[in-house]
Amino acid sequence: MVKVPKNVLEGLKAVRSSGMVNMLDISGVTRCAEKLGFVEAADWIREHQDRYWDGVFAGFEAEP
């Protein structure tokens, strides 16, 4: 599991549940997060692309 800030996790969950984009489309996920108002999640993805990919395949969880 990849630990991410709680607000980032909320954004990733919102994008996934929206069904608007395939989670393997990193550019699309970033744009969708912004469109849904999760700017912090979009910024996190841009800054942590390697960790994003790890989380896509291993899962994400909120940092304590």
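**Packing around H2**

Author: This is a predicted model, and in it the buried residues of H2 pack against H1, H3 and helix H4 (49-58).

Reader: Which residues of H2 are buried?

Author: In H2, the buried residues are Ile26, Gly28, Val29, Thr30, Cys32 and Ala33. Leaving aside residues up to four places away in sequence, Val29 touches Val15, Val21, Asn22, Met23, Ile45 and Tyr52.

Reader: OK, zooming out, what pattern does the protein follow along the sequence?

Author: Read along the sequence, the pattern is β-α-α-α-α-β, and the secondary structure comes to 4 helices and 2 strands.

Reader: Which residues touch the most other members of the largest nonpolar core?

Author: That core has 18 residues, and the ones touching the most other members are Val4, Val15, Val29, Trp44, Ile45, Tyr52 and Phe60. At least two residues of this core come from each of strand E1 (2-4), helix H1 (6-18), helix H2 (26-35) and helix H3 (39-47). As general background, nonpolar side chains in soluble globular proteins tend to be buried together.

Reader: Switching to Val39, where is it found, and why does it count as partly exposed?

Author: Val39 is found in helix H3, and it counts as partly exposed because its relative accessibility is 41%, where partly exposed covers values between the 20% limit for buried and the 50% limit for exposed.

Reader: What about overall dimensions and the radius of gyration?

Author: The C-alpha trace spans about 25 × 20 × 20 Å along its principal axes. The radius of gyration is 10 Å, which agrees with the value near 11 Å that a compact globule of 64 residues would have. Of those 64 residues, 38% count as buried.

Reader: Last topic, what do the surface and the charges look like?

Author: The protein exposes about 3900 Å², and carbon and sulfur atoms supply 50% of that area. There are 8 positive and 10 negative side chains, with the centres of the two sets lying 5 Å apart.

Definitions and conventions:
Residues numbered from 1 in each chain as written. Predicted model: local features only at pLDDT ≥ 70, side-chain atom pairs only at ≥ 80, totals over all residues. Heavy atoms only, no water. Rg over C-alpha atoms; globule rule 2.2 N^0.38 Å. Buried < 20%, exposed > 50% of the residue type's maximum accessible area, 1.4 Å probe, protein only. Areas by Shrake-Rupley, 256 points an atom, 1.4 Å probe, with all protein chains shown as cover. Lys, Arg positive; Asp, Glu negative; His and termini not counted. Charge placed at Lys NZ, Arg CZ, Asp CG, Glu CD. Core = buried A, V, L, I, M, F, W, Y, C linked by side-chain atoms within 4.5 Å. Contact = heavy atoms within 4.5 Å.
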